[in-house]
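Here's a quick briefing to read alongside the model. Have the sequence and the 3D view open as you go.

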Amino acid sequence: MGRKAKYDEVVVPAGPGRKSKKQSDPTFPKGLIVKDASSLSHRQKQRAKKRQLKSKAQKAKSNEPKKKKMKESVIQAAKKDDNETESEESEEVASGDEHEVPEVQMPLANAEDSDASNSDAESEDSDAKDDETEDEDEEEESNLLPIEKANKKLKKKQEKERKLAAEEMQESITHQDIFTFPTAEELANPVSLQDVQQRIRDVIIVLSDFKRLRDKDRARKEYIDLLRTDLCIYFSYNDFLMEKLMQIFPMNELLEYLEASEVQRPMTIRTNSLKTRRRDLAQALINRGVNLDPIGKWTKVGLVVYSSQVPMGATPEYLAGHYILQGASSFLPVIALDPKENERVLDMCSAPGGKSSHIAALMKNTGVLFSNDVNRDRIKAVIGNFHRLGIVNSVICSYDGRKIPSIIKGFDRVLLDAPCTGTGVVAKDPGVKINKDELDVQRCCTLQRELLLAAIDSVNARSDTGGIIVYSTCSILPEENEWIVDYALKKRDVKLVPTGLDFGEEGFTNYRHHRFHPTLKLTRRFYPHTHNMDGFFVAKLKKFSNMVVKQEIVEDDDATSE
Amino acid sequence: MKRLSEERTKLVFEKLTKYIGGNLKLLIDRPDGTYCFREQKEKVYYVSEKILSLASTVAPENLISFGTCFGRFTKSGKFKMHITALHYLAPYAQYKIWLKPSAEQQFLYGHHVAKSGLGRITENTAQYQGVVVFSMNDLPLGFGVAAKSTADCKHADPISTICFHQADIGEYIRSEDTLI
């Protein structure tokens, strides 16, 4: 029976153990071993001596009969029909001294043998062996056919060439350290991904110390162009987006970002503080075989799910509204918005309701939360999520966000998570890598500008507690972020305030030829490679006055300056 | 958005009474402000008056939902409760059924509750009484109608139905598009 097996007994195996075993010396096939003359056995030495003596004796003899015989034997072996004329002669000789025939054939066979061994072992031949063969050659040259001589010569020549080639190769390897710019031909021909990756690394090294490592005839732009095309091939981006990314990130960071964008972020959930507490939820989920951890010190409601035996979107806890699946980056704008109880809050682009429900949870179901989204199909998800999570203070409507100020005004806080190109969430939707171009960005920018102005207009600046607008996107392009906020700063009576997020990188104030307002460093950027969350941007604005007159003044200013 | 007519109010209240009995009073007279029932596109919403006044600024064709949706009037004029009402039914429920963990999944897929899955039941539940279904750790899972009284349950065989399924929280996934 199984339970009687003695599992708990520790069996100590006898002997030195598996790891102490030493590998025996390697054995080589016979052909590979080059034998020294000194290592020859006694009998072999004797035989070699005999052979030498014999060959000397043969040399001493006259050449003529020997040649004939060799000729005869070779020809006989190779082509019998050719030697009709000579056959009579040879027959005569053969009959003349029959005893000599086998003895004479010996050196010939010997010569052939040495020849064969030469050709076999040529590649690893040492100089010593070469000398040997040369000696032999000198000895035997005299008794070889012209065709054989030619063959030997050719072989020697080939040998020399091979040596030269090897030397050249060695030389080129030692000089490989410095990257050589590929020619136009090399660029035209497709290469393997590994080669591309190597080239990317090389070019980045060159660019890091351009003065020293550059090719004098090549401009920096050529290197950059090469790098861009290579990155496009390797990570399958389109040229436009890669160019933008190269403008945003320094070279060393760029590669990190691209690699981080290839992998999915970990799954995160947000506890619904209206229905449960994080500790209780974690316990309930651990009981279902979920492996999780708190997301970080910056939030008290987030959990990271490492692995799960059950689908996280279908547990009874999920259905009962104890948590919602939400990316870590989606917490940030709501934390920045910091809604208070009994306020009137607007979420302009709310679907599918993750951030919106977070706002409602922070408001503890008091006050009023307007959740708007222009897309009627997507707003169904908001309805489902709100009812599941037990949110009762909401009004869900479907307007074009730009028209909201004409319908309802006087909000204490507004969250605008603007529609964007999604360049920060490449891991979620790899289609972004290839299907975005200048026009898409431009369209998004225009929409974002209008939405942000609408958001600012719908806020009541005289609110006691608020007057706050939070602008966020899941894009990392400055065109959709800093630029938009900068535009709003010019058009409305708002200023940037600290987001209340103690991590994240500062927003750009200088980007290429743009010089944004210096307070834009109060905005926050988040990247996959530094914060392990999707690329994200958060800006928090405070509205001073409900003046819209200022708009015209600024517009005039703009017009004059332009 | 309009007030419920006399007879529709009666229908809604009758339905609610089936599940929460006299606790209905607590829904109408609340200490934290006035709450009321409103009808929009045949659906009944339960909402605070404060929110209602703000929601009325939104044009009806753009207003998708407000407050909590309790259910809708069917074409034949009956009132049908939605799972979204569970948020208010569960805390005020008078008659409850608790399910064993093994039967939770079955109920969440929309099946009736068999005797074998019954963990606990409120004493003196009458036959055809509206009940709210809980899991053993008091997670509200849905609601239904008792098929047997408490006394009958004790003698019922394991495969006989104890509670007819009406709505369950699995609908949030199964029919998100048609939830309201």
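Predicted model: local features only at pLDDT ≥ 70, side-chain atom pairs only at ≥ 80, totals over all residues.

**Where to be careful**

Residues are numbered from 1 along each chain as its sequence is written, chains are lettered from A in the order in which they are written, and side-chain values use heavy atoms, leaving out hydrogens and water.

**Confidence**
- Chain A has an average pLDDT of 81, with 79% of its residues scoring at least 70.
- Residues 549-562 of chain A also stay under 50, with 10 contacts beyond four places in sequence.

**The annotated site**
- An unreviewed UniProt entry marks A:Cys474 as "active site"; such annotations may be inferred rather than shown by experiment.
- Leaving aside neighbours within four places in sequence, A:Cys474 touches residues including A:Cys420, A:Thr423 and A:Phe536.

**Chain A against chain B**
- The contact draws 35 residues from chain A and 31 residues from chain B.
- A:Leu319, A:His387 and A:Val392 supply 25% of the area chain A buries against chain B, more than any other three residues; buried area is the accessible area (1.4 Å probe) that two parts lose on being put together, summed over both.
- There's one salt bridge between the chains, meaning a side-chain nitrogen of Lys or Arg within 4 Å of a carboxyl oxygen of Asp or Glu.
- A:Arg288 and B:Glu104 meet in a salt bridge at 3.9 Å, N to O.

Conventions:
Contact = heavy atoms within 4.5 Å. pLDDT = per-residue confidence, 0-100.
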